[in-house]
6 protein chains.
Amino acid sequence: MRKNGVREIWEGGGKVVNGWLAIPDSISAEVMARSGLDSVTIDMQHGLVEYQAAVTMLQAISITDATPMARVPWNDPIPIMKMLDAGAYGIICPMVNNREECERFVGACRYAPAGYRSFGPARAAMYAGADYAANANSSVITMAMIETAEAMENLEAIMSVEGLDAVYVGPTDLSISLGHAPGTKGASLEPVADNVIAAIDEILSMAAKKGIKTGIQCTSGDGVRDKFQKGFDLGTIAGDLRLLAAGAAADIKAARS
Amino acid sequence: MRKNGVREIWEGGGKVVNGWLAIPDSISAEVMARSGLDSVTIDMQHGLVEYQAAVTMLQAISITDATPMARVPWNDPIPIMKMLDAGAYGIICPMVNNREECERFVGACRYAPAGYRSFGPARAAMYAGADYAANANSSVITMAMIETAEAMENLEAIMSVEGLDAVYVGPTDLSISLGHAPGTKGASLEPVADNVIAAIDEILSMAAKKGIKTGIQCTSGDGVRDKFQKGFDLGTIAGDLRLLAAGAAADIKAARS
Amino acid sequence: MRKNGVREIWEGGGKVVNGWLAIPDSISAEVMARSGLDSVTIDMQHGLVEYQAAVTMLQAISITDATPMARVPWNDPIPIMKMLDAGAYGIICPMVNNREECERFVGACRYAPAGYRSFGPARAAMYAGADYAANANSSVITMAMIETAEAMENLEAIMSVEGLDAVYVGPTDLSISLGHAPGTKGASLEPVADNVIAAIDEILSMAAKKGIKTGIQCTSGDGVRDKFQKGFDLGTIAGDLRLLAAGAAADIKAARS
Amino acid sequence: MRKNGVREIWEGGGKVVNGWLAIPDSISAEVMARSGLDSVTIDMQHGLVEYQAAVTMLQAISITDATPMARVPWNDPIPIMKMLDAGAYGIICPMVNNREECERFVGACRYAPAGYRSFGPARAAMYAGADYAANANSSVITMAMIETAEAMENLEAIMSVEGLDAVYVGPTDLSISLGHAPGTKGASLEPVADNVIAAIDEILSMAAKKGIKTGIQCTSGDGVRDKFQKGFDLGTIAGDLRLLAAGAAADIKAARS
Amino acid sequence: MRKNGVREIWEGGGKVVNGWLAIPDSISAEVMARSGLDSVTIDMQHGLVEYQAAVTMLQAISITDATPMARVPWNDPIPIMKMLDAGAYGIICPMVNNREECERFVGACRYAPAGYRSFGPARAAMYAGADYAANANSSVITMAMIETAEAMENLEAIMSVEGLDAVYVGPTDLSISLGHAPGTKGASLEPVADNVIAAIDEILSMAAKKGIKTGIQCTSGDGVRDKFQKGFDLGTIAGDLRLLAAGAAADIKAARS
Amino acid sequence: MRKNGVREIWEGGGKVVNGWLAIPDSISAEVMARSGLDSVTIDMQHGLVEYQAAVTMLQAISITDATPMARVPWNDPIPIMKMLDAGAYGIICPMVNNREECERFVGACRYAPAGYRSFGPARAAMYAGADYAANANSSVITMAMIETAEAMENLEAIMSVEGLDAVYVGPTDLSISLGHAPGTKGASLEPVADNVIAAIDEILSMAAKKGIKTGIQCTSGDGVRDKFQKGFDLGTIAGDLRLLAAGAAADIKAARS
C-alpha cells in the first residue's frame, strides 16, 4: 500500500506542513500540491468545495507526493466514507464534542470490527494499491477537531477513543465558544485571549499524555513555525483563498507605488 | 451603459493594473476581482480555461467594479464573439502579425459597418444595460498582441487599423520570435535581451505616434510599476497560478525555518 | 455589512416578492435575479440543485440587488452552514415539526452563544463585507417551513424559538399531511380544502401574535398578490421551471393557432 | 434510423415550431423539449452554451420526440462535426455569405463523396440506431443563415448548393448589415425597415424557386404564426432566456399590483 | 404513469439484470443504459457520483427503457428524496440494521400517510407523467441492504416493514461484519465463507416467507446467473469501472501476446 | 524533463499499445490509464470530450506512467496548443491532406524557429518539469492522420515535413474517401477492401522510407497485435465506449443464459 506520508513523518518524529484548499478546482489543487507541502487538505466545511469537485482535486493531489486529506463538513458518515473511498488518506472532522461523537467519527473511518465503514474503496484502492483493504484501518488518519467549550470538558474522553490519531485545533470556533464575539480580535485564527491560549495548552498536554498527535489551523508560515515550537505536530499555512487575495493585494500595492 | 472602467481610466490619463486568471473557477475569479484590480483578464490561451468556465468567471467579476476582459486563444471569431456576448469589455488577441490579421481581429469586435460581429449580446446586455447595442462599438476595448518578428515589421500597419484601441506586449513570445531560445533567460516575461528591449521601445514609440494605448505582461507588481514608468498604460501583475505557487512556497519556507 | 434586503423591506412594512430557482445554472439564476425580484431562493430540496451549482448561482445573484436565499433539502447543519458560508442571506428550512427541530435549525444559523454555527464565512464575508462576522447573527434570516400536522400542533412552540424570523408555508405538503391525497386538487400549491385554509389562517394569526413574519409558496403573481392581501409578508411567484414550461406552451399554442 | 422529425413534418407539408436554448443546462433543455415543440435548437453562437454542456442538453432532448438541432457559433468544421457526432439532427450555420462558404458548411455535414465530414458518430449512432452511417447524409438537415448584404447578393448561388436543405433568416444581423444601427428599432428580431422586409421576401421567393425550406428567428408565438402565414416553414419562438425574463416580470407585476 | 420496469418484470415472475454506475458521467450512463439492462443503478455510496452528476445520468437513462435506480450513500432523507424527485424509480439503501432504520428508509420514499416524503417531484413528474403524484407510493421500489450481523439478527423485523419491496445483499460488507477481514478471500463480492453463505440462504428464506423480493451484488454475468438459480430476483453485473478495467486489460494482453 | 514514454519505447525499438478515451470524465480516464497501457489518447474529435473535461483527464493520466496524448478535433492551432499547454505529450491531428496542412499542424506543436507555437506551458511545465521549455520541441510527438485519397496522393510530401514524428491511420475515413460507403463492411475500423489494404501498405512503406513511425486505430487487442505484425509502431485498442458496451453486453448475455 502506498504509504501515508503524514503518518510516516510523524513516525519519524517530524512535523507536517499542511495546505488548505477552499477553491473547488483541480488546477489550483495541483499547484498547491506541487508546492512542497507535506499534506494538502480539501476543506469541505468552510471551503467552497463539495464532493464532485473534491474527487478531481484528490486526483490532482495524487500526481504528487503530498498526502491527500479532507476536512469534512460535519460529523456525518456520508462525506467521511465518500472521501475515504475517493482516496483521502486522512479526515479532519469538525465539532467533535464528546466521546460518543468521537467514536461515531472514528468508527466511520474504520472497517469492522474496529468501526462501521462500509466497504467499497473504488478509487482509494487505485490510489493506494491492491492491499488497501487489508491496511486501510491502520493507515487512514483520523483527526478530531477540538473547537468548543464542551469538547474542552470532555478532552480526556475524546482523546481516549481507540483509533483516534490526532486532534486538530480550530482556534476561531474555540474562541467563539469560549466567549469571544465573532469578528473581534479575540476570535481569530491567531488566538490572543488568555482562556483560549490556556485551552490550547491543555489540548497539547492531554494529547501528549494520551500519545496522540496535534494539528492546528494557522494563517501563515510564521504561524506554523511558532505552533511547531509550541509542540504541534501539524500546522496549516494560509489557505488558497488567502494566498490569492494577499498576493494580489501586495502586487497591486507595488504596482501603484 | 455601464462604463468601461479601463477606457475611463485611460481617458483620465491613468494607468490600469490588470489581473490574470488561468484557474478555471469562479471563486478564484471573484477573489481576484475583489482584490482591488482595475481589470481582470481571463486567459483562454495559456490559462486552463475554456468558454463554459469563463462565463461563470465573468459573472463573478461582474459582482465587482473590476473591468472584465479576456485573452482569447487565437485570432478566431468564435472565442472573440462568444466572450463579448458573455460580457467581456475588452479582448486581448494573441499573434496579430499584420494589418490583415488586425482587421480580422478588430472586425470581430465591432458591429457593421465597422466590423462583422454578429448580433446577440445575450449576457453583455444584462451586464451593460439596455443600451449596450448602441454603444458597444465605442466601448469594447480591442488589444492586439505584438509578439513576433513579423508583427514588428508591420508595426505601423497594425497600429493604423481603425478601431484598434491598444497593443499588448507578450515579452516571452516576442523574445523567442526574435531569436532567443525558450527556457533561456533571454526568453522570459521580464525581457533582458537588447533586441527585445529595443523592440519594446519601438512599440511604445509607434503607439505614441499612432495615439493608441499600450499594455504588457509582467510577473509582479514591481514589474508593472517599472513598465508604467517606461510609458505603458496597462500592466499585468503575477497571475493566479503564480500567486498561489509563490505564496505557498514562501509560507512553507517560513514554516520550516 | 451589505444590508439584508428582505429584512429591510420587512422593517419598512413592505412585502417581499420572492423568486424560485430549480434549474442548476448560474445564467438562469442571473436572469431571474435581474428581473426585479426582491429576493431569489435557490431550492435545494425539490429543485435540481446541489451545493456546487448553488455557489455559482449565489455569485450570479450577487451581481444584483436581489437578496440571495436558499431552501435547504432538510433540517441538517451541512447544507445550512455551507449555504450561509457561501453567501445566502436567508435559509428556508423544510419540515420543522416541533420546538426542538426549530431550535436545531435556528442554532445552525447563529454563531455562539446564540447557536452552534461554525465559523468560516469564506464567501459570505466577501459578499457582505469585513463586518459580516459581527453582524451575521442579526442579519441572516431564518424561515421555518410549516407543512405538517405535527407542526400545526406545535405552532406556538415553534414560533417561540428565539432567533426565528419567519415561517414559510408549504401548501402542498401541508395539505397531504392534513389528509389530502397527493395528485388531487386538495393537495396543490393553491390550497382549496377547508382544513388547509383554516390551518393557514391559524399560522397567520399565531405569527402575528408572536411577532414573526410569514411567507408562502404560490404558483403565480396573482397568487402572491392574493396572499399579500391575506397578510403574508413574502410570496413566491412561479418557479423557473414553471415559467419556462408555461411560457413555451403559450408560445407554441399561439404559433399553431 | 430514428426519423428526423423536422424532415418528416416538411415532407408532410407542415410547419415546424422550433425552440431556442441559450441556458447551458440539461434540465432547462428537458423542460423545453417536453413542452410540445417540434424541434429544439441549442444556440452555441449567442447562447451561453459550449460543447460539453450541449452534449448533456442533447441527451435531455433525446428523451423526447422533439428533433435536436444546433446553431453553431461559426462556419467551422469543429463545432459542426462535433455536434453531429453528438446527435444533432440539424445544423443552423451563421454568416453564410456566398457559395463557397455554403459548400464548406454543407460539406462538413456530409460524408464523402458528398462532403468531408469525418466518420465517428459516437453518440449519433446511439441516438439514431445502427444504420445511422448509411442514412446520415440524407437525414441530417443543413440550414444556412442568410443575414448579410453579401448573402443577399449571392442568394441564388447559396441556395444552389447541393445538399442545402434550408435557409434560416437572422433578422437582426440582416438589418444591421442592411444599414440599420444596432439597438435601433430598425435592427430588431421583428423587422420593420422596408429594405429588410423586401430582402426577406426575396429570400422566400428564391427558396421557393430553388425548392428549399425556410426558417426564421422570431420573438413570440404570434410572430411565428405571422411568419408561417408569410410562407416560412420553420419559426422559432421566444428563447429560454426571454421566456424566463418575461414570465418573471409578468408575475412580479401581478404580485405588486 | 410510466411503468416501473423492475416491478413489471417481478410481477411477471421474471428476473432483473441490473447495471451499476460509479463513473459520474452521463455518456457512460447512456452507453450502459442502452446495453440491454433491465435496470441501471447509480451508486452514490461507493461510486464516484454525487447528486448533480447523478441528475444528468438519470436523464441519460431516461432515453432508454432501462429502469433508473439509485443506491444512496446512507439512510438519510436528503439523497433519498432528492433522487426520487429527480426521477429514480427505485432506491437501494445501505446499512439497514433494524426495523426502525427500515421504517425511516421506507418512510422517506412514501408520501403521507404511508411515509414522510416531502412533495415536489420536479423531474420525476416529467419522467413519469402527470399522474406521478397519485401513483408514486405504489410504484417506487424500496430495497433495503442487508449487510451486517445486526441486520441478520433483525431480519424478520426488517422484512416486516410495510412498504418494503425488496432486500439487497451486499456480500462484502456482510462478510466483514460476520468476521472476515477486508481484503481477504472471505470478504469478497463472491462469498465463500460458510457463515456468509448460510446468512444469504437465510435472507432468501425469510424474504420468501415475507413475500418480498431479493437482489444481490455480483461481479459478472455468470455470477448473476448463479444467483438467479439460487432464487434471487435481481442481480447486478460487473460495474462500469470493472468493465473498463477488465476490458482494457484483456485487450492489452492480446495486443502484447 | 519527464520522459515521453512513447518516444522512449520507439527509441528502444518497441511497440506502443494505446488507449482511447471518448468519455468526458477523469475517473474513467484514471481507470484506463492505470490498466497498463503505454499511452492514452483523449479523443476530442469523435469522442464526447472538449477542453475543460480534457484537462481533468490529463491530470488523471498524470498520476500514472501512461503517456498522455490527444486527438484534436481538427487541424486548428487552438486545440493543439491548448492541449500541449495542458500537458499532452503527443498530438494526433485528423485530416492532414497535403504538405501545407502538415506544416501547419507540426508548426503549431513547435516553438520558433521550428514552428509558431505560442509560449505559456501553464500545466505542461508542472507535469514535465522546469526544463520543459528547452526540451518540448524535441519531446512532444506529432502524428498526422492519413485518412483521405488526397493524403494518399501527397504521402511523400506529408511525410517529408520536418518535425513530423509519425502518421496515424484512420481506416474508416480512409475507406470512405477511397469509395466505400459509410455503414458498409468496406468502411470499418478493420479494413477489408483491397484498395484500402493497399493504401495502408503504401503508408507503411513510405513511412519506413522516410524514417517516421506509424500508428493505427483498431477495435481490439487482437487487431493491435495483427497490426504490430504488419509493421505498425502503435496500435489503439477498443475505446472506452466500446469496452463498456461490449463488456455489459457479454455480462447480460451470461446472466440470461
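**Basis.** I worked from a predicted model, in which local features need pLDDT of at least 70, side-chain atom pairs count only at pLDDT 80 or more, and totals for chains, interfaces and linings use all residues. Residues are numbered from 1 along each chain as its sequence is written, and chains are lettered from A in the order in which they are written.

**Chain A.** I found 13 helices and eight strands in chain A; these are DSSP runs numbered from the N terminus, helices being H or I of at least four residues and strands E of at least two. I noted that the C-alpha trace of chain A spans about 55 × 45 × 30 Å along its principal axes. I looked up burial and found that 68% of the 257 residues in chain A are buried (20 or more other C-beta atoms within 10 Å of the residue's own, with C-beta atoms placed from the backbone).

**Chains B and F.** I found 22 residues of chain B in contact with 19 residues of chain F (C-beta atoms, placed from the backbone, within 7 Å). On the chain B side, α3 (51-62) and α10 (171-177) are the elements that give two or more residues. The largest share, four residues, comes from α10(B).

**Copies A and B.** I noted that chain B can be laid on chain A by a turn of 180° and a shift of 0.0 Å along the axis, with an RMSD of 0.0 Å (least squares on C-alpha atoms of residues with pLDDT of at least 70 in both). The two copies are thus related as by a two-fold rotation axis.

Key: Two residues are in contact if their C-beta atoms, placed from the backbone, lie within 7 Å. A residue is buried if 20 or more other C-beta atoms lie within 10 Å of its own, exposed if 12 or fewer, and partly exposed in between; C-beta atoms are placed from the backbone.
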